[in-house]
Amino acid sequence: GDFSDISLKVTRSTVIFAMCAALNSCNLGYDIGVSTNAGGLIQQDLGLTDVQRELFVGSLNFWSIFGSFFSHWICDKYGRRKSFQVAAVAFIIGLIIQACANGYSVLMVGRIFVGLGVGFGLAIDPLYIAEVSPAAHRGELVTWSEAAINVGIVLGFFSGIVFYDLNDELEWRLMFAMGTVLPVAMIILSQTVMAESPRWLVSKGQDEEAKEILRKIYPEGFDVNPVATDIKEALERERIAEQAVGWNMILFPTPALRRMLIVGVGTAVAQQAVGIDAIQYYLIDVLEQSGIESEKRRLGVLMLLGVLKLLFVIVGSKLLDRRGRRTLLFVSLLGMVGACVLTSFSFFGKGSNAVFAIIGLSLYLSFFSVGMGPGAWLIPAEIFATSIRAKAMSVATFFNRITATLMASTFLSTANAIGWGPFFIMLAAIAVVVFVFIYFLLPETKGRSLEDMSVYFAEITGDHSVLEAEKKIISDRARADAAAGVGVEMTETPAPPLATGEVA
């Protein structure tokens, strides 16, 4: 149902589960932060060309495509917790190989494992948090995943300062090796602290186990039986509506599911189309091209930008449930348009003006973090129907990573070919296109439960298959309640006294 008006306190267990899941996103953020610093060091140490460096950076996104594409299988078959562990193991293997690499080929092998871990993580993190969060607080809690990415980015930037005085060859290796701490912690937490998703448990027929988890998620004394019933009915509703299994529901969707897929996948693609990962990976290059020649000063600006981005992600997470998804995304995109135009001024005219670049990049990262950063993963995590959520999240992450691969693998080449100023003007134009897409296709989803999304999108699109399924469920529930009422009445109503001479 629609729980937008229900005020529920966030329980300690919910906070712990969400924080543990968000920690997994730190791994991706750390890689972005480390690669921003280490990319140039690796290029100098191993004698790489610009194209090889682009491939090194972009390959992570490419291999994450396969991680996200197959994550649904492990996620649906073995549960959400096992998926976290698979992602962590992939991170550890990849980071160790990269830290020990003595050539470009070995370095790229390590990149494969890290990429697979990133793909798994991006698909499972917001999905899990959405499934262990009450609807009234889901927006804020899911955005913890984006906040954690930014914590990882700041840690990655900070590693460049920590190891600054070491020689270049040892510096970048230690930066990668330090990244193994987070996935090891993730394995321990997923095994000992985190609970399995109640929605996954219900889908496997483990209703009582699901209710135990729901009692931890909701405040003490809250009746979780209706919540468990909602989950079960949502699964049944979609089963009746689709009469299909596997990928048929995604490959041949009904109007409601088609709208969900367009909005969810489109929003995930838009997040990378505006250039965020590419800009973060090459921030050092952008700052250098803008006229900041001192390496220490560039690292200082890098830390400033990382902390600023993290702060605004926290601000955005607080506002998404209060102001709504659409409003924050509109503000975010319009701000990014202005920021990209301002940044471009740094590269027009004679010489370079670092002031425009620093202010423009600060505004770009801040406005992105308020809306497009957390919102672009919140939207897919909450709008997809329960029966397709894991698979649809895999598809959304798949296309998000494809877009990130294209942007990161062509950033330097494109900027050098058309000029840095026109490049940022191009990013501003892309943000305008995304604004139009969001304006016409994204409905407001603030406060709606995950189980309510199918009916909500069916009403928007006029999808009669889902609406008929809803009617059938309501009818079945009414008959079951009526039967239960009759049973209670027959049990509780005493038999009338026998008349004189009547034989029992």
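How many disulfides does a search of the whole structure find? The search finds zero disulfides, a disulfide being a pair of cysteine sulfur atoms within 2.5 Å.

The model is predicted, so local features need pLDDT of at least 70 and side-chain atom pairs count only at pLDDT 80 or more, whereas totals for chains, interfaces and linings use all residues. Residues are numbered from 1 along each chain as its sequence is written, and side-chain values use heavy atoms, without hydrogens and water.

Select Cys20 and then Cys340. Cys20 is buried at 6% relative accessibility, and Cys340 is buried at 1%; buried means under 20% relative accessible area with a 1.4 Å probe, protein chains only.

Next, select helix H2 (residues 50-78) and helix H20 (residues 389-418), whose axes come within 8 Å and cross at roughly 180°. Helices here are DSSP runs of H or I with at least four residues, numbered from the N terminus. Axes are lines fitted to C-alpha atoms over the stretch in contact, with angles from 0 to 180 degrees between N-to-C directions. H2 and H20 are therefore roughly antiparallel, a label for angles over 145 degrees.

Finally, turn to the cavities. Five cavities of 30 Å³ or more are found; on a 1 Å grid over the protein atoms alone, a cavity is a set of points where a 1.4 Å probe fits but cannot get out, and lining residues have an atom within 4 Å of a point. Select Glu146, Ile149, Gln271, Gln272 and Asp277, which lie nearest the centre of the second largest cavity among its 14 lining residues. H14 (276-281) gives the most to this lining, with three residues.

Notes:
Helices (H or I, at least four residues) and strands (E, at least two) are DSSP runs, numbered from the N terminus. Angles under 35 degrees count as roughly parallel, over 145 as roughly antiparallel, 65 to 115 as roughly perpendicular and the rest as oblique. On a 1 Å grid over the protein atoms alone, a cavity is a set of points where a 1.4 Å probe fits but cannot get out, and a pocket is an open set with protein on both sides within 12 Å along at least five of seven lines; lining residues have an atom within 4 Å of a point. Grid points are joined across faces, edges and corners, and a volume is the space filled by probe spheres set on the points. Buried means under 20% relative accessible area, exposed over 50%, partly exposed in between (1.4 Å probe, protein chains only).
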